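This briefing concerns helix packing and surface pockets. Please examine the sequence and the model below before reading on.

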Amino acid sequence: MTRIPRHIGIIPDGNRRWATEKGLGKEEGYSHGISPGMELFHICQNLGIREMTFYGFTADNTKRPSIQRLAFSAACVQAVEFLSKEDAELLVLGNTKSAMFPKELLPYTTRKVFGNGGIKINFLVNYSYQWDLGLRQGVPSSMKSSDVSRVELIIRWGGRRRLSGFLPVQSAYADIYVVNDYWPDFTVSHIKEALAWYSKQDITLGG
């Protein structure tokens, strides 16, 4: 690899489909995504990647059955608590005024340095681009994610080829790599192949 992205976006999709194929309840898939997230964090940390954004759950995801909502909320809380024990600069972004935002994550909604700091970690929880951009009648009034830098590479697991509202401003020129495997089936080869693919892309930013 000749080029490493500064900022990687992670869309960890396929948890429910993974659980269904394993004969489990859909809600049981989310907890199996925590370990892959921590493994990926350590890989990116060792590679010298400066910033990562994980898609926890969207405001639209909260329309799912309550048993699933409680499960993915709990998984996000656990993931953030694990990350707070690492060397990282952690920020949780999402609509805190909604009852769907986990109260346990309120202390993380301003960026905090843990351990020796270093890699920036943004965690999108109860996030929507409408909330982020402060859209009122289609007109933006503010941007909540102004502390988040431009995303250079987005990796989405689960085979879907869409952004699902992921940081639309920062992702305007992001390259998107899709992994067909489900997120709980994460392997090191996924990130290696994504970075090798990214290294070959012609980055022009429209120029």
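In this predicted model, Glu39, Leu40, Ile43 and Leu47 of helix α2 meet Val188, Ile191 and Leu195 of helix α5. By class, that contact comprises six nonpolar residues, no polar residues and one charged residue. Helix α2 also packs with helix α3, and α2 and α3 both contribute to the lining of the largest pocket.

**Packing of α2 with α5**

- Helix α2 covers residues 34–47 and helix α5 covers residues 188–199; their axes come within 10 Å and cross at roughly 40°.
- Because of that angle, α2 is classed as oblique to α5.
- The crossing in which α2 passes α5 is right-handed.

**Packing of α2 with α3**

- The axis of α2 and that of helix α3, residues 66–83, come within 10 Å, with a crossing angle of roughly 30°.
- Since angles under 35 degrees count as roughly parallel, α2 is therefore roughly parallel to α3.
- The crossing of α2 and α3 is right-handed.
- On the α2 side, the contact is made by Ile34, Met38 and Phe41, and on the α3 side by Ala75, Gln78, Ala79, Phe82 and Leu83.
- The contact of α2 with α3 has seven nonpolar residues, one polar residue and no charged residues.

**Largest pocket**

- The volume of the largest pocket is about 830 Å³.
- This pocket is lined by 37 residues, of which Pro12, Asn15, Tyr55, Gly56 and Asn61 are the closest to its centre.
- Two or more lining residues come from each of α1 (15–21), α2, β2 (51–58), α3, β5 (119–127) and α4 (129–133).
- The lining of the largest pocket divides into 18 nonpolar, 11 polar and eight charged residues.

**Second largest pocket**

- The second largest pocket holds about 150 Å³ of space.
- Its lining consists of Arg69, Ser73, Ala74, Val77, Thr96, Ser98, Ala99, Met100, Phe101, Pro102, Lys103 and Glu104.
- By class, the lining of the second largest pocket has six nonpolar, three polar and three charged residues.

Conventions:
Residues numbered from 1 in each chain as written. Predicted model: local features only at pLDDT ≥ 70, side-chain atom pairs only at ≥ 80, totals over all residues. Heavy atoms only, no water. Axes fitted to C-alpha atoms, helices over the stretch in contact; angles between N-to-C directions. Helix = DSSP H or I, 4+ residues; strand = E, 2+ residues; numbered from the N terminus. Parallel < 35°, antiparallel > 145°, perpendicular 65-115°, else oblique. Left-handed = near helix turned anticlockwise from the far one by under 90°. Contact = heavy atoms within 4.5 Å. Nonpolar A, V, L, I, M, F, W, Y, C, P; charged D, E, K, R; others polar. 1 Å grid on protein atoms, 1.4 Å probe; cavity = no way out; pocket = protein on both sides within 12 Å on 5 of 7 lines; lining within 4 Å. Points joined across faces, edges and corners; volume = space filled by probe spheres on them.
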